[in-house]
Amino acid sequence: MNIDWAALGTVFGVSLVATVALVGLFTLGIVGLSRQPEPAAQDGRAGGSLMLARAGAYVCFGLCAAAVAYGIYLIVA
């Protein structure tokens, strides 16, 4: 039995980077959704930064879903 250590190292490195990136994106999405409106806004409108944070969170979650779907596509194909 012969092990290709270079290929094994490449697979390990790519999976490590992909895992850290996916967890980082998901964390940014959670942080974006956990933002609360500032108490100074008493007229009932959400601030622009709150809307931007929520939109960014949805983008992060969408990228996470796309990465998972692409991984499943690579496994099935």
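Let's start with a term: on a 1 Å grid over the protein atoms alone, a pocket is an open set of points where a 1.4 Å probe fits, with protein on both sides within 12 Å along at least five of seven lines, and its lining residues have an atom within 4 Å of a point. What you're looking at is a predicted model, where local features need pLDDT of at least 70, side-chain atom pairs count only at pLDDT 80 or more, and totals for chains, interfaces and linings use all residues. Residues are numbered from 1 along each chain as its sequence is written, and side-chain values use heavy atoms, with hydrogens and water left out.

Now for the overall picture. The chain has 2 helices and 0 strands; helices (H or I, at least four residues) and strands (E, at least two) are DSSP runs, numbered from the N terminus. Of its 77 residues, 9% are buried, where buried means under 20% relative accessible area, exposed over 50%, and partly exposed in between, using a 1.4 Å probe and protein chains only.

Back to pockets. Which residues line the largest pocket? They are S15, A18, T19, A21, L22, A67, V68, Y70, G71 and L74. The elements giving two or more residues to that lining are α1 (5–33) and α2 (48–76). By type, the lining splits into 7 nonpolar, 3 polar and no charged residues; Ala, Val, Leu, Ile, Met, Phe, Trp, Tyr, Cys and Pro count as nonpolar, Asp, Glu, Lys and Arg as charged, and the others, Gly among them, as polar.

Next, find F61 in helix α2. F61 counts as partly exposed because its relative accessibility is 22%. I3, in the segment before α1, is also partly exposed, at 39% relative accessibility.
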